[in-house]
Amino acid sequence: MINFSESVVAITNGVFYGNNKNPESTVFYLSDYADTAELMQACRNYFEDNGKNHYTVIASDNVPAGFIIDGQLLQQFFELREALVPLDEDERELFFDWCRYNNRDCVTEDIFMLVTHFRETYMDKYPSEPDEYLSLDPTIEIRKKPTDSRWGISFTDYYES
């Protein structure tokens, strides 16, 4: 699960120093910044911007897939982080599952509208018990195994019992 309070990126300025084959880079904790403008200002301050620097994300942790394109952290990352504040950790995980299941894209769609739609259409209908969740699908029959106290699942439409 993605923990936004621990999101970090390693950024390089693309400038090589001396015989070092690797450009200078440093780690930035994204929880310290409200948006990409603040992050870029921190990069300019750290790397002593001379107008020729090209800042590139070379590594990341706790940043969802798709929010770094061509070495650039998208502003949508900060919007996503802000939009998910009202959700607890389990709800965030359900939100990402819901997005994948419904082919919703957190990068290109309005994230605040996605979260609102998720809460209105999914959270209010999410069953509290697994049995209730399974019973929403008529192709699944829930029955108790005669020799076991655990519940079994029979997919009646796919094979004969």
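A: A nonpolar core is a set of buried Ala, Val, Leu, Ile, Met, Phe, Trp, Tyr and Cys residues joined through side-chain atoms within 4.5 Å. Buried means under 20% relative accessible area, exposed over 50%, and partly exposed in between, with a 1.4 Å probe and protein chains only.

This is a predicted model: local features need pLDDT of at least 70, side-chain atom pairs count only at pLDDT 80 or more, and totals for chains, interfaces and linings use all residues. Residues are numbered from 1 along each chain as its sequence is written, and side-chain values use heavy atoms, leaving out hydrogens and water.

The largest nonpolar core has 32 residues. Those with the most contacts inside it are I11, F28, L80, F95 and C106. β1 (8-12), α1 (36-47), α2, α3 and α4 each give two or more residues to this core. Helices (H or I, at least four residues) and strands (E, at least two) are DSSP runs, numbered from the N terminus.

E91, F95, F96, W98 and C99 are buried in α3. They cover an arc of only 160° around the axis, which puts them on the same side of α3. The arc is that of the directions from the helix axis to the C-beta atoms. The face turned away from the buried side carries the exposed residues E89, D90, R100 and Y101.

What lies over the buried side? Its cover includes α2 (75-83) and α4 (111-121). F95 shows this in detail. Leaving aside neighbours within four places in sequence, F95 is in contact (heavy atoms within 4.5 Å) with L80, L84, L87, C106, I111, L114, V115 and F118.

α4 has its own buried residues: I111, L114, V115 and F118. Seen down the axis of α4, they fall within an arc of 95°, so they line one face of the helix. They pack against α2 and α3. The face of α4 turned away from them carries the exposed M113 and E120.

Last, the ends of α3. D88 caps the N-terminal end, with a side-chain oxygen 3.1 Å from the backbone nitrogen of D90. Just after α3, N103 takes a positive phi of about 55°.

Methods
Polar contact = N/O pair within 3.5 Å; in protein donor to acceptor, adjacent residues only side chain to side chain.
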